[in-house]
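Here is a brisk report on one structure. Start with the ligand shell, then move on to a strand, a helix and a loop residue.

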Amino acid sequence: MTTQTVEAGFDELRMGFAGEIIVPGDPAYDAARTIFNAMIDRRPALIVQCAGVADVVRAVRFGRERGLEIAVRGGGHGVAGRALAEGGLVIDLRRMNAATVDPVARTVTVGGGATMSHLDRATQPFGLATTGGRVSTTGVGGFTLGGGGGWFDRKFGLACDNLLAVELVTAEGHVVRASEDEHPELFWALHGGGGNFGVVTSLTLRLHALGPVTAMLLFWDPEAGPTVLRAYRDFMAVAPDEVGGGVLYMTGPPEPFVPEHLVGRLALGVLVVYAGPEAEARDVAAPLLRLGHAGEMIAEMPYADLQCMLDDPPGHRNYWSAEYLDSFPDEAIDRFCARADDEVEVDGSAGPALEVRPHVTGPLLRPLVVRRVLP
Ligand SMILES: Cc1cc2nc3c(=O)[nH]c(=O)nc-3n(C[C@H](O)[C@H](O)[C@H](O)COP(=O)(O)OP(=O)(O)OC[C@H]3O[C@@H](n4cnc5c(N)ncnc54)[C@H](O)[C@@H]3O)c2cc1C
């Protein structure tokens, strides 16, 4: 399809289109094609920022009739960059970000372009929450359609376990609702199958009562890694469902709770989150607190604040790879720690830096190696 053939249909698409249509050369073009991962540099033929379902239907039909590759952009956080199509059509849903809470039915319905922050901020005043990603800027769409693990998935299940219904525009441009009762096979595929089954224009999720939560960020010298990780593994194996957490090697940030000798140096951090008050959290996490850490930040906070505690700014160059393990034997721990030692550039001011983050999701241990090349 030539550029001229695509452009020939723009006027037709623009007629009655409530959102914005952006093409190469427009002042807004570069900002509109920027996503979380700065490694991704793709140039779509057009980006349609939809304002509602009718816009999405028009965009899907437009792309389909012209044989354009179509990419759907939710929060734009997918590090592989599937939210952008080189030379294709991007259906950008970010304007469709409303979140409506039904506190009686304990459900929330969000637009297909809402982020976890839109969702969490809407449900927080009701003392309700659902499983979200570990940062608040992730799109609810891509996160939930891919499964979605978060701090409290041991208690509330994965995001997709809480999915009650979706509204979706099919590849034919039809609007359908999928739930256990309507299009149940499509609904099943949306539980972890990713974004390949249509453009999801809204998602309805189950909510759970959740009062203030406790976050504990504990720091150790990096040499303590093998001991701390073994203790963390054994702790998580028997911890109640109210506990979530993760371990990571990082460059110690210049915060008052980080010991001076670890600021700007390789440090080991353990984050334990607890669905309950601080006193209970301290009791539950006693096996870790007894290990003798070098620095700590322990605080009770609303869940929505916990969710944005680790928000990463966009614009960094990210390379991620992951291993899924159903156990975390000593040998794996030792290799994990050795690798962090080898590859972290402790001078965080320039050059490559490596963060290694093992997360615990449900019964599985998920060591996730994150290589971030700083800009
Ligand atoms: C800093 C960071 C932290 C993260 N933490 C976690 C975590 O704790 N737990 C976890 O499970 N994951 C986590 N992720 C991974 C993240 O959940 C996935 O990359 C997710 O796909 C991002 O969704 P998005 O809508 O923001 O991304 P996008 O890049 O916009 O989309 C990702 C994919 O989903 C599709 N998609 C998005 N929205 C829709 C829609 N409405 N309809 C149809 N298809 C759609 C896109 O087409 C694309 O294929 C994290 C990612 C980052 C960058």
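Predicted model: local features only at pLDDT ≥ 70, side-chain atom pairs only at ≥ 80, totals over all residues.

## The ligand shell

Of the 32 residues around the ligand, the nearest are Gly-74, Gly-75, Gly-139, Gly-142 and Gly-195. By class, the shell holds eleven nonpolar, 17 polar and four charged residues. Both domain 1 (3-92) and domain 2 (99-209) take part, with at least three shell residues from each.

## Strand 12

Strand 12 spans residues 213-220. Eight of its eight residues are buried, so the strand is largely enclosed by the rest of the structure. Val-213, Ala-215, Leu-217 and Phe-219 point one way. Thr-214, Met-216, Leu-218 and Trp-220 point the other way. Both sets are buried.

Which strands pair with strand 12? The table gives the two partners.

| Partner of strand 12 | Residues | Sense | Bridges |
|---|---|---|---|
| Strand 15 | 295-301 | antiparallel | seven bridges |
| Strand 14 | 266-274 | antiparallel | seven bridges |

Val-213 has Met-301 of strand 15 as its bridge partner. Thr-214 stands opposite Tyr-274 in strand 14.

## Helix 4

Helix 4 (residues 53-65) has 13 residues. From first C-alpha to last, helix 4 reaches 18 Å, close to the 18 Å expected at 1.5 Å a residue. Its buried residues are Asp-55, Val-56, Arg-58, Ala-59, Val-60, Phe-62 and Gly-63. What do these buried residues pack against? Their partners are helix 2 (10-14), strand 2 (46-49), strand 3, strand 4 (89-92), strand 8 (163-169) and strand 10. After helix 4 comes Gly-67, with a positive phi near 65 degrees.

## Arg-43

Where does Arg-43 lie? Arg-43 sits in the loop between helix 3 (29-32) and strand 2. Arg-43 counts as partly exposed because it has 13 C-beta neighbours inside 10 Å. The cut-offs explain the label: exposed requires 12 or fewer such neighbours, and buried requires 20 or more. Leaving out residues up to four places away in sequence, Arg-43 touches Pro-24, Arg-33 and Glu-86. Arg-43 and Asp-30 are 13 residues apart in sequence, and their C-alpha atoms are 8.6 Å apart in space.

Technical notes: Residues numbered from 1 in each chain as written. Near = placed C-beta within 6 Å. Nonpolar A, V, L, I, M, F, W, Y, C, P; charged D, E, K, R; others polar. Domains from an automatic or database assignment. Helix = DSSP H or I, 4+ residues; strand = E, 2+ residues; numbered from the N terminus. Pairing = 2+ DSSP bridges. Expected span 1.5 Å × (residues − 1). Contact = placed C-beta atoms within 7 Å.
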